[in-house]
Amino acid sequence: MENKVSRRDFLRLSAVGLGASVLSGCSNGLLGDDLFRTKFQEMSPNQVKEVLKRLEEKYSGKYGTQFSVTATPAKENVLFGYGLDLSRCIGCRRCVHACVKENNPSRETQIQWIRDLRMKKGVLDLEKAEHYYSPEQVPEEGHYYIPVQCQQCENPPCVKVCPVKATWKEPDGIVVVDYDWCIGCRTCMAACPYRARKFNWKEPVIPKDEINPQTHYLGNRPRMRGVVEKCTFCIQRTREGRYPACVEACPVGARKFGNLLDPKSEIRYVIENFRVFRLKEELNTEPKFYYFFSMGA
Amino acid sequence: MAVTAFQEIILFLRGLSRVVFVGSKAFYGWMSFLTIFVLLGVWAYLFQWREGLYVTNMRDQVSWGFYISNFTFLVGVAAAAVLLIIPAYLYSFKAIKKIVVFGEFLAVSAILAALLFIGADFGRPERFWHAIPGLGTLNFPSSVLAWDMIVLNGYLCLNLFISLYVGYYHYYGKEPKKAILLPFILLSIPWAAGLHTVTAFVYNGLAARPFWNASILAPRFLASAFCSGPALMIIIFQVLRKLTDFRIENKAIAKLAEMIAYAMAINLFLLGAEIFKEYYSDTHHLSPLRYLYQGLHGHNRLVPWIWTATAFNIIAFLLFLTPRTRNNLLTLNIGCALVFIGVWIEKGMGLIIPGFIPDTLGEIYEYMPSRFEVMISAGIWSFGAMLYTMFVRAAIALDTGRLRHPDAPPVVHEEEKGPRARDIMSTRVIAVRPETSIEEVSKLLVSHRISGLPVVDGDGKIIGVLSESDIIFREIHHEPHLVEKLGDMVLPRNLRASDRTGSTAGEIMTSPPLTAQEETPLKELVQIITERKIKRIVVVDKDARPVGVVSRIDIVKALEHISA
């Protein structure tokens with residue numbers, strides 16, 4: 001029955017009525033219209049449809065272009081994995097820019113889901129990394145580069161600490177955030193060993209001509225002030241069978257992507273044929289992000 | 001029935017608002033001072049609400065700052081209520097027992113302020129209901145923050161219940177029922193320790209942050225909380241003692257100071273253990289500690305802060321350790337201020353910020369709170385202080401009896417315990433009716449070897465007292481020189497001017513009579529008898545029927561008994 005009202009919904013409705021009458025006077029525009037709603041994971045298929053439709057209308061109006069907001073679920077027998085060939089990466093940051101273009105982060109606060117670190121050859125100490133390198137030309141003599149983004153841990157410390165279950169690991173291994181459920185406490189940011197999570201310190205700003213209208217509810221749909229966001233392996237692309245934007249953008253083919261459960265996938269080839277390592281493996285986070293060297297320096 | 005309950009509540013609220021909101025100029029000045037900061041804080045918060053947390057200096061590198069620092073410190077202050085409860089109820093240390101309720105109100109105020117700091121830190125505070133079980137989806141038991149929310153709100157309820165329960169009984173002039181109160185008090189002791197432990201675990205459980213990911217964190221949290229909370233209490237008690245009619249013994253304050261010394265010793269020891277471990281093993285885990293105490297790669301903004309805190313804590317420890325400086329109010333207060341500031345730095349900025357420096361990818365972003373963070377924090381602190389001021393005023397009024405139900409029995413203070421009229425009076429009462437002749441009365445006085453007796457009406461209610469003085473006065477009142485001579489020796493002052501003649505007890509007795517209740521303390525009896533120059537006082541029951549007489553000799557016997 002679609003119209004059945006559960007106990008939780010009833011409680012919520014009563015609270016909504018009370019809260020709405022108190023807040024409606026002062027909340028116009030500040031709280032948004034998504035204040036009292038159901039958590040994404042608990043929505044019925046019909047509710048999801050309704051929410052997606054409402055979001056499409058809202059974003060289309062705001063950005064003056066036809067939006068698509070999907071909620072394509074994970075496919076069975078898929079566990080996404082990523083490979084990054086440190087011997088090929090030249091630190092050009094094309095992945096960073098492709099990611100920004102694809103995923104609609106705020107341009108004003110310059111949120112970037114990928115961070116490229118410049119390292120001196122012979123050193124793997126992150127404390128000695130240069131985050132803000134900006135040479136005329138890459139690669140630079142005597143250096144190599146480590147791009148870092150969400151490692152999509154199988155044992156994600158960020159998910160464990162969230163007080164309201166606003167972030168979780170999907171069946172295909174992608175760690176996602178429900179932006180409409182996140183309370184902005186930032187405990188997940190403190191818990192993440194890879195600095196993969198970014199916070200919207202102010203209302204995101206994206207110029208109309210830079211917006212990507214092809215979005216996923218748990219991925220690159222526009223976010224709001226005060227919530228956390230992160231790399232989703234381009235969930236809006238990869239669940240449709242495409243590569244993540246960063247993989248496509250890499251000019252040297254350093255980025256590999258595929259289904260860890262498929263023995264014939266690219267990522268399985270990488271794991272089986274090269275010596276791979278994962279960042280901070282001692283923390284037992286079990287990243288699905290494998291760094292490797294395909295060739296000598 | 002409902003109407004009566006409603007009227008009772010109105011009566012209580014009127015009494016409450018009288019004792020809470022009406023006060024001296026100093027009180028209004030203090031409240032206005034706090035109000036200014038609260039309003040500034042509200043203004044700053046509205047700005048933050050509109051612009052987002054961008055107005056703070058927090059960024060992705062250092063994603064928690066001044067708000068969470070103050071939150072952590074305040075949780076410690078709140079946990080200090082236990083320190084007052086343990087000795088009061090486990091060892092029934094009476095001097096401290098009296099002040100437990102102030103500790104509990106401090107806990108309540110501190111928790112409320114701590115919750116406000118959490119609210120100020122949230123990116124979407126209006127979604128707080130996502131954490132309410134039943135409405136939202138509290139991530140229990142997986143998230144330590146979920147535990148912390150439960151423990152914090154539970155502690156708030158527990159302390160509110162205990163203090164309201166005690167207050168309610170005081171209001172009606174009754175002793176709180178131990179069987180109901182004691183289980184809650186006993187529960188609040190481990191709960192307070194648990195509260196602070198769980199708060200420590202929020203940070204402690206994050207393997208990504210080696211500075212927090214050390215098992216010594218929770219013990220250090222507790223040790224430093226046992227310093228800052230009581231230090232604040234000591235200062236508050238002295239302010240109360242000075243500004244109000246509330247009495248707190250010096251020995252209670254000295255006891256608290258002694259406890260701070262022990263807690264500080266443990267705190268410093270644990271700090272030393274941590275410093276040794278990190279510096280001697282000299283791994284990457286040392287970086288945050290090195291940033292804090294020495295600076296890292298040329299970044300050293302927290303260094304002056306932490307050394308100030310360390311120096312303050314050590315000086316305060318020495319002041320509290322030495323009995324001479326512990327018992328001297330000046331050095332004691334200096335020590336308290338030092339501890340409070342020292343722990344505020346160490347447990348606040350000194351704990352939270354180095355957790356993020358260097359960040360998990362090795363970057364160093366130096367953090368100091370922004371103007372907005374300082375203003376909002378000052379506002380929350382002021383709100384907490386306002387709340388506490390009002391709580392304390394209500395608690396004092398309840399304790400001293402100024403806020404009390406009209407039908408409640410009068411307040412009995414600890415110091416006034418001891419013998420009462422009931423305990424020392426002679427219960428052999430000989431009374432006469434008003435129509436009894438003077439001759440008969442004289443015979444009674446002589447045969448029973450007494451100097452006076454009560455005169456009662458037909459219901460046995462006292463209407464006057466007839467003493468030998470009255471009889472002597474009757475004989476001599478027409479001879480002024482005799483009155484003059486005997487006056488100071490035997491006659492009560494109020495009698496001398498009058499002109500009473502007659503032949504019955506009713507005509508010459510002293511009326512209305514001076515009486516005492518069975519509950520009247522010895523001290524008060526002595527006062528009445530010496531001030532009014534009488535030789536005995538008749539003790540009456542509720543219906544004004546004489547039940548005993550306390551004579552001067554009874555008082556002398558009682559005093560002798562006490563001094564022996």
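Helices (H or I, at least four residues) and strands (E, at least two) are DSSP runs, numbered from the N terminus. This is a predicted model, in which local features need pLDDT of at least 70, side-chain atom pairs count only at pLDDT 80 or more, and totals for chains, interfaces and linings use all residues. Residues are numbered from 1 along each chain as its sequence is written, while chains are lettered from A and ligands numbered from 1 in the order in which they are written.

**View 1. Chain A holds 8 helices and 12 strands.** Of its 297 residues, 42% are buried (20 or more other C-beta atoms within 10 Å of a residue's own, with C-beta atoms placed from the backbone). Take the contacts in chain A with a separation of 6 or more: 64% join residues 24 or more positions apart. Contact here means C-beta atoms, placed from the backbone, within 7 Å.

**View 2. Helices α3 and α6 of chain B pack together.** α3 spans residues 66-79 and α6 residues 100-121. Their axes (lines fitted to C-alpha atoms over the stretch in contact) lie 8 Å apart. The angle is about 165 degrees, on a scale from 0 to 180 degrees between N-to-C directions. The pair is therefore roughly antiparallel (over 145 degrees).

**View 3. Residues of α3(B) meet residues of α6(B).** On α3(B), they include B:Tyr67, B:Phe71 and B:Leu74. On α6(B), B:Leu106, B:Ile111 and B:Phe117 are among them. By class, the contact has 16 nonpolar residues (Ala, Val, Leu, Ile, Met, Phe, Trp, Tyr, Cys and Pro), 1 charged (Asp, Glu, Lys and Arg) and 1 polar (the others, Gly among them).

**View 4. Confidence is given for chain B and the complex.** The complex has an ipTM of 0.89 and a pTM of 0.80 from the predictor.

Terms used: Angles under 35 degrees count as roughly parallel, over 145 as roughly antiparallel, 65 to 115 as roughly perpendicular and the rest as oblique. Two residues are in contact if their C-beta atoms, placed from the backbone, lie within 7 Å. pLDDT is the predictor's confidence in each residue, from 0 to 100. A residue is buried if 20 or more other C-beta atoms lie within 10 Å of its own, exposed if 12 or fewer, and partly exposed in between; C-beta atoms are placed from the backbone.
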